[in-house]
Amino acid sequence: MMAVEQSEQHMTNLSGNKSNSADAAGLSSAVIAYCFWGFMPLYWHLMAEASHVEVLAHRIIWSLLFIALMLFFKGQLFQTLATCRTLAVKSNRKVAGIIVLASMFASLNWLINIVGVNTGRVVELGLGMFLTPLATVAIGIAFFSERLTRIKALAMGLAACSVVILASGLDRFPWIAVGVSSTWAIYGALKKKVTIAPLDSVFVEHVLMFAPALGFLCLAPGGYAGHFCSGFDSGLSWILMGTGVMTSIPMILFSLAAQRLPMTMLGVIQYLNPVLTLAVGVFVFAEPVAAAELGALVCILAAVFLFVASSYLPRR
């Protein structure tokens, strides 16, 4: 009898250790992913001599190759290609259309990130990243009939105030902040409608954007193909090729974290991204912080605090 109890206790300990190990792996994956995204402006800045769309085109091409290689070594490439073919079937046209839209908004989001960094607006980019979760909530209310608690409604009001402060206090409309938050929120909403596996979906998105990206580099005026071929000596071409790895790794790590961590924990960790991006803008690129940006930041941080706190409060 004692042997049975000891065996059961041993199995319980093993199960607990396995669960703790999974939680630790998920937590470390999430932190590394958001650190990658938070420090990404440093990498985009290395390509300042390339045009914005040129960088985006290279990011699409090299990301597709990296993801394809990863799927190949996992033994999933042919299965994913079969999934691509099924999307061409008439009954799957709706899903295919959603993925097309998702790929467009994802590319637009990356482009705004690149433009924000290489036009000296990293602080505004960081503010926009703070707004992203709140923009996601707004889309949930508008299109998915999700309901707000009073505290979350107050948080949304503060977020709206931050945009008004930016728009009225700056000498320009804060389209970097609004654009980066809204495009990613729309992308997330579209992905919610996609039923295929996450990695397959990301692969399909890059396949859809591959031809326009390659066509731009080869055919658009500006000599982008020649620019790439002559850029190995300066190191620019290697950096452009590295965009595939640098942008795909955090996506893979985030997928792993999403499977192993509760959404409430992910919701808190995600704010590591804008904190780091804002810090890079202020302390590395030495961007000045306007009074309007400071006022908007106060509103956003208050909104974030209310939003996160409301997730831990009992519903009434």
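Gly75, whose phi is positive, near 75°, follows helix α2. The model is predicted, so local features need pLDDT of at least 70 and side-chain atom pairs count only at pLDDT 80 or more, while totals for chains, interfaces and linings use all residues. Residues are numbered from 1 along each chain as its sequence is written, and side-chain values use heavy atoms, with hydrogens and water left out.

**Exercise 1. Elements of the chain**

Solution. Helices (H or I, at least four residues) and strands (E, at least two) are taken as DSSP runs, numbered from the N terminus. Next, apply the burial classes: buried is under 20% relative accessible area, exposed is over 50%, and partly exposed is in between (1.4 Å probe, protein chains only).

**Exercise 2. Helix spans and a bend**

Compare the end-to-end distance of α2 with the expected value, do likewise for α10, and locate the bend in α10.

Solution. The expected span of a helix is 1.5 Å times one less than its number of residues. Helix α2 (residues 52–73) has 22 residues, and its 32 Å from first to last C-alpha is close to the 32 Å expected. Helix α10 (residues 236–260) has 25 residues and should span 36 Å; its end C-alpha atoms are 37 Å apart, which agrees. For the bend, take the angle between axes fitted to the seven residues ending at a position and the seven starting there. In α10 this angle is about 35° at Gly242. Gly242 is also one of the buried residues of α10, which include Leu240, Thr243, Gly244 and Ala257.

**Exercise 3. Trp62 and its surroundings**

Find which residues Trp62 touches outside its sequence neighbourhood.

Solution. Trp62 lies in helix α2. Leaving out residues up to four places away in sequence, Trp62 touches Phe228, Leu240, Met241, Thr243 and Gly244. Leu240 is 178 residues from Trp62 in sequence, with 8.2 Å between the C-alpha atoms. Rings of Phe, Tyr and Trp (its six-membered ring) pair if their centres lie within 6.5 Å; planes under 30 degrees apart count as stacked, over 60 as edge-to-face and the rest as tilted. Such pairs link Trp62, Phe228, Phe232 and Trp238 into a cluster.

**Exercise 4. Aromatic pairs**

Classify the pair Tyr34 and Phe254, then the pair Phe216 and Tyr224.

Solution. The structure holds eleven aromatic pairs. For Tyr34 and Phe254, the ring centres are 6.0 Å apart and the planes stand at 80°, so the pair is edge-to-face. Tyr34 lies in helix α1 (residues 2–45) and Phe254 in α10, so the pair ties together parts that are 220 residues apart in sequence. At 7% relative accessibility Tyr34 is buried, whereas Phe254, at 28%, is partly exposed. For Phe216 and Tyr224, the values are 4.8 Å centre to centre and 25° between the planes, and the pair is stacked. Phe216 is partly exposed at 22%, and Tyr224 is buried at 15%.

**Exercise 5. Ala257 and Ala286**

Solution. Apart from neighbours within four places in sequence, Ala257 is in contact with Gly26, Ser29, Ala30 and Leu266. Ser29 is 228 residues from Ala257 in sequence, and their C-alpha atoms are 5.6 Å apart. Ala286 lies in the loop between α12 (272–284) and α13 (291–312).

**Exercise 6. The packing of α4 and α5**

Describe how the axes of α4 and α5 cross, and sort the contact residues by class.

Solution. Axes are lines fitted to C-alpha atoms, for helices over the stretch in contact, and angles run from 0 to 180 degrees between N-to-C directions. The axes of α4 (residues 93–118) and α5 come within 7 Å and cross at roughly 145°. Ile112, Asn113, Gly116 and Val117 of α4 meet Val122, Leu125 and Met129 of α5. Ala, Val, Leu, Ile, Met, Phe, Trp, Tyr, Cys and Pro count as nonpolar, Asp, Glu, Lys and Arg as charged, and the others, Gly among them, as polar. This gives five nonpolar, two polar and no charged residues.

Conventions:
Contact means heavy atoms within 4.5 Å.
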